[in-house]
Amino acid sequence: MSAQEHFANIASVYEKGTGGATRQIATHLVQLASPISADAKILDNACGTGVVIDELLATVPDPHVRNSLKFTATDAASPMIELVKGKVEEQWHIPADSITALTLAAENLDDVASDNFDYSFTNFGFLFFKDADKAAKHVYRTLKPGGRAFITSWKDLGYMKAVQQAAIKVRPDRPPPYLPFDLAWLDSAHIKAVFERAGFQNVEVHDQQSSYTADSVTRLSQSLIGMMEGMLKMQGWTDGEVKSLEPELECTIQASDDVLVVEQNVAWIKMMAHVAVCIK
């Protein structure tokens, strides 16, 4: 199963499966980009369910500015694009012609105009692209001179150590689960190099805290299993093994004092993202 097929299959539950971690970073990106100017053209690349647009519109209360913005949302998974289209009038309350939503992989933006966007966002997409260099060149090409691109990747997925420790208890004679992307994306130097090769001369990368959050440790473990089930099965896990992993994961997370924070009615696992700001 490809990354595109995986995200298409989980589109309807994707937001819940992220534990709010990607949304927290989207909020940070919008803060970096603000204030958003009237008539701005904005690319939400590998847009998923449109979380970046959610957060951006929440910072633009002026109806004149809000209705003047022009969005292009692209994603290789068509169910994600259908979710975005459904938000236009139901949730965002912006004119229908304010957004162009296209089922396109980030490597295939050839028909998107050059020197077009004031802002370009790719929130946790590059880890999964088949040809990151080609996708990065499209980000550069489609951005206006002086425009800014905001790119994110993970530095530390705080839950992965717990997942691997729990997995060893379920399958002691098999390798533990592994992340389904090139681990080079956990390194800020790699991100910087990819976008400098694409043409950017001004690339700054910083770290930003995030968290995977639920209302209890039990719900944390349930959400993580729901998010990772497809990945585990691609790595040879049976339904029974996935089911057995959940209680083991809950116990392992509960003992993870280095990454787990529990307060009244909320529990979260600490995470850390890389955020690249690229100016054309």
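V217, T218, L220, S221, Q222, L224, I225, E229, L232 and K233 in α10 meet D239, V242, L245, E246, L249, E250, I253 and Q254 in α11; contact means heavy atoms within 4.5 Å. Helices (H or I, at least four residues) and strands (E, at least two) are DSSP runs, numbered from the N terminus. This is a predicted model: local features need pLDDT of at least 70, side-chain atom pairs count only at pLDDT 80 or more, and totals for chains, interfaces and linings use all residues. Residues are numbered from 1 along each chain as its sequence is written, and side-chain values use heavy atoms, without hydrogens or water.

The axes of α10 and α11, lines fitted to C-alpha atoms over the stretch in contact, come within 9 Å and cross at roughly 140°. That makes α10 oblique to α11, as angles under 35 degrees count as roughly parallel, over 145 as roughly antiparallel, 65 to 115 as roughly perpendicular and the rest as oblique.

In α11, V242, L245, L249, T252 and I253 are buried. Buried means under 20% relative accessible area, exposed over 50%, partly exposed in between (1.4 Å probe, protein chains only). Their cover includes α8, α10, β7 and β8. A kink of about 30° lies at E246, shortly before P247; the bend is the angle between axes fitted to the seven residues ending there and the seven starting there.

A cis peptide bond joins S34 and P35. A46 has a positive phi of about 55° and is partly exposed, at 22%. H93 also has a positive phi, near 55°, but is exposed, at 57%.

Conventions:
Axes fitted to C-alpha atoms, helices over the stretch in contact; angles between N-to-C directions.
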